[in-house]
Amino acid sequence: MSYVHRVSPTWYKKPMIPNYISLSFGQVASAGSLIFLSGLLGLYLRLKITKSIYIAGLRTAFQLFGMGFLLQWIFKTQSLVLVLAMMVAMTGVAAWTSTERSARPFPGIFFNSVLGIGLSSWVLLTFASTLIFRISTWSDPQYVIPLLGMILGNSLNGISLAVERFTEELFSKRDQVEADLCLGATSWEAARPSFITAIRTGTLPIINSMTVAGVVSLPGMMTGQLLAGVNPLEAVKYQIVIMFLIATSTLLGTLIVALLGYRKLFNSWHQFEYWKVGQKS
Amino acid sequence: MTPILEVRNLSSRIERQGIPLIRSFSFSLQRQERLVLTGPSGVGKSVLLRTIAFLEPLKEGEIYFYGKKLSPNEIPQFRSQVMYLAQKPSLSEGTVEDNFKRVFAFKSQKEKKYNSELVLGFLKQFNLSESFLNQQAKLLSGGEAQILALIRALILEPSVLLLDEPTASIDSFRITAFEKGIVDWVHSSQDRALIWITHQKEQEHRLSTRVLHFEGTNP
């Protein structure tokens, strides 16, 4: 495998893996020409998407390079404070993203999702780093940051689907919820059908991914490892572990957010506080 | 004799122009009473029944059941005795029989058992054929659903029914049987009573032992 030697700035560390094709900045820029051409095509067909494509393309480049520098810095310093700050920030952004576009928010929805996403992903991360990867220092950024990122990024989806579906079910089926209450159901008995639907909706994507993994799709992380020259069986082992972590974290997270949502929307008098749905904090 | 239900100085959470729709309202309901609530739409008749069923929080006031104030954990039990039926009937997925059976799984109903004899009796009384039991509940007409929702309540043997315009969507040829069924139900045990919202004068005369008329403000 040829390795083109270039003069690199001192902050740029060359990869160590022998089978690995390192990309120069020029090579990345040539992929950028694709985005440039896509924009031109949009302009030519008058699709009104050129601006969005360019902005999104620039964001991808800037955000990822930003992240790259940040990670390189954190990997080098190995500072516990930096690693923690990074992890907290990632969790916060994930929680915010999962609720900001909610069609039916309710007071406390952000706090719920911080707790749901944070607790589930950190628990699974701890499990993975101590019992599976058994890394010597738990805060080793090379492991914990990518692991947390993958767990967060993937369980986030399921968790936000679950919150959304739970409030939507309760609100749109308010007649049924109240009819059950009127027939003597406790608030939990009345909320349970919506709760179950929410959990099923939230976990469906990851269950689907697990079902087709390796048959229809080659999951992203595994693909990355293969490109980096890792032996396929090794890459597969990592992928399996990751998917199990994501699945468990998604289930745990959806359960937490739906339970917290239930506690927020029903009171001790077994009343459905439907007027809270749609209110922001 | 202690009334079944007593409401003292009740004010509702729901307001209109900053004033509670129901304000410092008091009344009581005796055994065997058939109380009819009348008055224009939007004066708070439904809100009153929903508040009595504890679906809406009380802003002020007290509700007594056989002279006793209720604590939050007694609410499901209370609702199994004092049942509110919304104007829009709401049955869940599945057949009518599924609907009838699933409510017996509620903790507050655990001492009761699904009794198909009782169900068939009610179907007959309300002029509905047995075949309704196997129909998909979501596909019923509004009037049929209304009657079946009532039967679902009756088989749980409540002592008070709070009915919110129950005949609004029922075909006229079924209304007589419906009214008679309910009056018979009140008579068939000493401890029963009824509150019924209606807009129809004739129905009010046929059904009521007492009428509360709501004007723009409280009666």
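This is a predicted model: local features need pLDDT of at least 70, side-chain atom pairs count only at pLDDT 80 or more; totals for chains, interfaces and linings use all residues.
**Exercise 1.** In which order do the five strands of the open sheet with parallel pairing lie in chain B?

*Solution.* To begin, the open sheet has the strand order β8-β9-β10-β5-β11 in chain B, and its pairing is parallel. Next, look at the edges: β8 (82–85) and β11 (210–213) of chain B are the edge strands, since each of them pairs on one side only. From one strand to the next, the twist averages 15°. Finally, take one pair inside this order: strand β5 (residues 34–38) and strand β10 (residues 193–197) of chain B run parallel and are joined by four bridges. Within this pair, Leu37(B) has Ile197(B) of β10(B) standing opposite.

**Exercise 2.** Describe the sheet of four strands in chain B, from its order to its residue pairs, and then place the helix that packs on it.

*Solution.* Start again with the order, which is β4-β1-β6-β7 in chain B, in an open sheet with antiparallel pairing. Strands β4 (25–29) and β7 (68–69) of chain B form the edges, each pairing on one side only.

Six bridges connect β1(B) with β6(B), and the two strands run antiparallel; here Glu6(B) stands opposite Tyr64(B) in β6(B). On going from β6(B) to β7(B), we find two bridges between strand β6 (residues 58–65) and β7(B), again with an antiparallel run. Tyr64(B) stands opposite Lys69(B) in β7(B), while Phe65(B) has Lys68(B) as its bridge partner. The hairpin of β6(B) and β7(B) has two residues between the strands, and in it Tyr66(B) takes a positive phi near 50°.

**Exercise 3.** At what angle do helices α2 and α3 of chain A pack, and which residues meet?

*Solution.* Two packed helices are described by the angle between their axes and the distance between the axes. For helix α2 (residues 50–77) and helix α3 (residues 80–100) of chain A, the angle is about 145° and the axes lie 8 Å apart. The crossing of α2(A) and α3(A) is left-handed. Turning to the residues, α2(A) brings Met67(A), Leu70(A), Leu71(A), Trp73(A), Ile74(A) and Thr77(A) to the contact, where they meet Leu82(A), Val83(A) and Met86(A) of α3(A). Sorted by class, this contact holds eight nonpolar residues, one polar residue and no charged residues.

**Exercise 4.** How much area do the two domains of chain A bury between them, and how much do chain A and chain B bury?

*Solution.* Between them, the domains bury about 840 Å², of which 79% is on carbon and sulfur atoms. On the side of domain 1, Ile74(A), Phe75(A) and Thr77(A) lose the most area to domain 2, together 52% of what that side buries.

For the two chains, 19 residues of chain A are in contact with 32 residues of chain B. Chain A and chain B bury about 2200 Å² between them, with 54% of it on carbon and sulfur atoms. In chain A, Cys182(A), Leu183(A) and Trp269(A) lose the most area to chain B, together 32% of what that side buries.

Methods: Residues are numbered from 1 along each chain as its sequence is written. Chains are lettered from A and ligands numbered from 1 in the order in which they are written. Side-chain values use heavy atoms; hydrogens and water are left out. Axes are lines fitted to C-alpha atoms, for helices over the stretch in contact, and angles run from 0 to 180 degrees between N-to-C directions. A crossing is left-handed if the near helix is turned anticlockwise from the far one by less than a right angle, and right-handed if clockwise. Contact means heavy atoms within 4.5 Å. Ala, Val, Leu, Ile, Met, Phe, Trp, Tyr, Cys and Pro count as nonpolar, Asp, Glu, Lys and Arg as charged, and the others, Gly among them, as polar. Two strands pair if DSSP finds at least two bridges between them. Buried area is the accessible area (1.4 Å probe) that two parts lose on being put together, summed over both.
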